[in-house]
Amino acid sequence: MSNRKSRLLAGCVAAIALGVTAMAFAGPQNGIANDDNDPAVLRLKIGKISLAPSASLTRGAAGARISAEGRFIVQLDGPLTPERADALARAGVTLGDYLPNFAYVVRLPGGFNVAQLGNLPFVRWVGPFDKSWKLDPEIGQLQLRSAARQALAGQNLIQLSVSLFANEPPNAALASIRAIPGAAILATERSGDVVRFCINIPRSEYARLADIPAIQWVGENDEPQPRNYPGNWINQSNVPDAFPIWAHGLTGIGQIGGLIDGNYFGTEGLNADHCSFRDPGGNPIGPTHRKLVAYFGTNAYDMHATHTSGTMVGDEQPISGTTTNRGIAYDAKLAFTNLNQLNTNSLMTMLTQDAGAGARVHSNSWGGGSTLYNQWCVDIDKFMYDDEDQLVVFAVINAGGVKNPENAKNLLAVGASGDTPNQANYCSGGSGPTSDGRRRPEIMATGCSVFSAVNSGAVCDFAADQGTSMACPLVAGSAVLVRQYFMSGYYPTGAANAVDSCTPSGALIKAVLINSAVDMTGIAGYPSNQEGWGRMLLDNALYFSGDSRKLARLADVRNASGMATGETRTFTGLINSSAEPLRITLAWTEKQAALNANPTYINNLDLEVTVNSTLYRGNDFAAGQSTTGGPSDTKNNVEQVLLLAPPVGPFSVTVRATAVNTPGLQGFALVGSGDIGGAPTLASISPNAALSDDVVSVTDLLGSEFRSGAGFQLRHSSSSPIIDATGVSLVSAGKLTGTLDLTAAPAGSYDVIVTNPDGQSATLANAFSVSVVCSPADLNNDGFIDGLDIQPFMNAVIAGGGTPRQLCAADVNQDTLIDANDISAFVQCLTQTGPCPP
């Protein structure tokens, strides 16, 4: 700890020596800070920097201009809004990486008039990007494992990852690096708009990299290492030999997982000849193989890779005829990547190639030794943000404080719980929080005495191992099953229905898994930075027909349809009984952080649940459940409200976009469980118009959360009459059909109302219209004007009685009044002694 402090202070002295009077070093951060909303500071890995308004470039002489193109910091006085983003764009500023608090890296051209920013009242500070912010304070602190890296260290060389600013041409930076004595460029890679170099450089020279204008960040290359130090029924039901998820047909059919594992220092990986993976038909690895759709890297035996792969998707039954050691998603397929590919590829490249083979859930039972958000974290967060279908799952380190890459924001971080009868107890796993105060791990699963595939060659051997490495593929395989649940249309009816099929976001799958977790009573405090949200119990996560516990997918909002600062979304429901806990979980996937930043969280959504007029905020817990009066959580992108015995009655859930500092919108996923009923929603009705006295077949009443036994009706804009549909059929949770008898229905607009059996309803205002069409004087609408029309005509004239169509026909002269003037007109029509209106 003292070494890190002295290194940070050295960085401070270097910054001060530059004479940048706008900055005052405030010391290293202590993890959980209380200044998330302080607009006067810049919070970086090197520490907290105070930015004096008096030294902002906007305080210079009127008309002052930037002398040369470069990278600058523009700090606002609060969260970004769409209006602020538009104003900055009009001023010629394109926002780059976010730096807390409320600051952005921008490129300003030579000659730029800074007054354009000074005229914006929300711009607090503008100044140059200081070179002292570029160097990772953890450089030189890694414990090196490989012989090659240890040999480098023996030569006083260090291997670094160098990232350029976005859209920065690489040639000038390459030339500057090569000019440093002893520096050697090992690899160059582009990820989106950022170019990165892997280099070797003398320890005495690496500080010179900060002088190169194009470079934004320099950090030491970490080294991955494995994280290992009868789980299927424990993780499905916690009832011996009960496998309810499998029993309902969720085995991974049609799904592909990704897994990166193996010997980073060698060539060994998954044993594809093991009976858990071998194709009995001899099909080659690829789309037709029964288990392996892709294999990137060498196909040789590594115990760790083979064991974790078997836990996730292995199935020995086609080879051995037995099912004892099946993986949790045994009918899923696998895209496997050997971990040694990380020697020559970025993690982004490896995740992307598995995704290209069809993988949407990715298991990783390895990690490094650094503690501050690094390039691996950037790659994970960017991968999930750019493709919201993806979920990356990582094992946390087995002991001590959490390391990288479980520090990434968007992944699901896994610790290990015990095997039966100790499943409520800790097995292994590092403890949080992360360096910026976020909760880790987030979920636990069985990691002790996990049996899975082992040994080389065409074998069918199994053995136990333990560690977070073993827990991670159990969670990832379970995520595959959750994905199948939604894609097979199990939600919301609890039975597979193709009409209800949807593709869940990675955030939704993550929220469902965390929402399933239960308190591990062998660990003090809940939730905590040792067990996160508890031990995964998959049957808690998913609703099947007949279950008392319901699952409510309240929202799965992609980023393109998300919220800006200040917006809210509210959802309502009904608590039917207190027999089941009410648990609401919010999760979102946000943009990757800048490597310079600490903290790394950017956007702040807040979860608020109101039950019987009592407000509960996300992550405000006491005695194992939600309490009241605490502050909102500003750090975590997972928030939860839990009531162990909720009162019966209505509840509402609000997601509040307190700060969306990413240009654009922030989506989210929101799920709930308990003995609850979600309110239906209405989108449209077809047909949406008819004539009075018609009988109409409604072919498409569309919306969501329709339940078996739901009905619908029309309500006239005057509040009466109400016309109930008959023969209502639930086609899917999003579609009803039925029949509307419009006999005597008055003309006008009607609201459409759908009501579920639990009383929850939704209204689509003025969605249906009724018109009245008639032939003057033909009151019985038989096509003739004769004696049969006399009685209804007299009833309309004298008493004002009759159906809307009869009243329309009684207005023979079509002046909207039924009076004496219509009598002579009716007689002329009846006797054909005069003109009759058409």
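Predicted model: local features only at pLDDT ≥ 70, side-chain atom pairs only at ≥ 80, totals over all residues.

Reader: Ok, so Arg-805, buried or exposed?
Author: Arg-805 has a relative accessible area of 15%, so it counts as buried.

Reader: And what does Arg-805 form a salt bridge with?
Author: With Asp-693, where the closest N and O atoms are 3.9 Å apart. Asp-693 sits in the loop between β36 and β37 while Arg-805 is in helix α16, so the bridge ties together parts that are 112 residues apart in sequence. Asp-693 itself is partly exposed, at 24% relative accessible area.

Reader: How many salt bridges does the structure hold?
Author: The structure holds 23. One of them pairs Asp-36 with Arg-43, with 2.7 Å between the closest N and O atoms. Asp-36 also meets the side chain of Lys-635 in a salt bridge, 3.2 Å from N to O.

Reader: How accessible are Asp-36, Arg-43 and Lys-635?
Author: Asp-36 counts as buried at 12% relative accessibility. Arg-43 is buried too, with a relative accessible area of 1%, and Lys-635 is buried at 11%.

Reader: Which residues are linked in a network of salt bridges?
Author: Glu-69, Arg-71, Arg-107 and Glu-168.

Reader: Switching to cysteines. How many disulfides does the count come to?
Author: Four. If you number the bonded cysteines in sequence order, the pairing is 1-4, 2-3, 5-6, 7-8.

Reader: Start with Cys-427. Where's its partner Cys-448?
Author: Cys-448 is in the loop between β21 and β22, while Cys-427 is in strand β20, 21 residues apart. Their sulfur atoms are 1.9 Å apart, and the link is right-handed, with 90° about the S-S bond. Both Cys-427 and Cys-448 are buried.

Reader: What about Cys-774 and Cys-808, which hand is that link?
Author: That link is left-handed, with -60° about the S-S bond. The sulfur atoms of Cys-774 and Cys-808 are 2.0 Å apart. The bond joins distant parts of the chain: Cys-774 is in the loop between β43 and α15, and Cys-808 is in helix α16, 34 residues apart. Cys-774 is partly exposed at 22%, and Cys-808 is partly exposed at 26%.

Reader: And what is Cys-829 joined to?
Author: Cys-836, with an S to S distance of 2.0 Å. This link is right-handed, with 100° about the S-S bond. Cys-829 counts as buried at 5% relative accessibility, whereas Cys-836 counts as partly exposed at 31%.

Reader: Last topic, helices. At what angle do α15 and α17 pack?
Author: About 170°, with their axes 12 Å apart. That makes α15 roughly antiparallel to α17, because angles over 145 degrees count that way.

Reader: Which residues of α15 and α17 meet?
Author: Ile-790, Phe-793 and Val-797 in α15 meet Asp-822, Ile-823, Phe-826 and Leu-830 in α17. By class, that contact has six nonpolar residues, no polar ones and one charged.

Key:
Residues numbered from 1 in each chain as written. Heavy atoms only, no water. Axes fitted to C-alpha atoms, helices over the stretch in contact; angles between N-to-C directions. Helix = DSSP H or I, 4+ residues; strand = E, 2+ residues; numbered from the N terminus. Parallel < 35°, antiparallel > 145°, perpendicular 65-115°, else oblique. Contact = heavy atoms within 4.5 Å. Nonpolar A, V, L, I, M, F, W, Y, C, P; charged D, E, K, R; others polar. Disulfide = S-S within 2.5 Å. Buried < 20%, exposed > 50% of the residue type's maximum accessible area, 1.4 Å probe, protein only. Salt bridge = Lys/Arg side-chain N within 4 Å of Asp/Glu carboxyl O.
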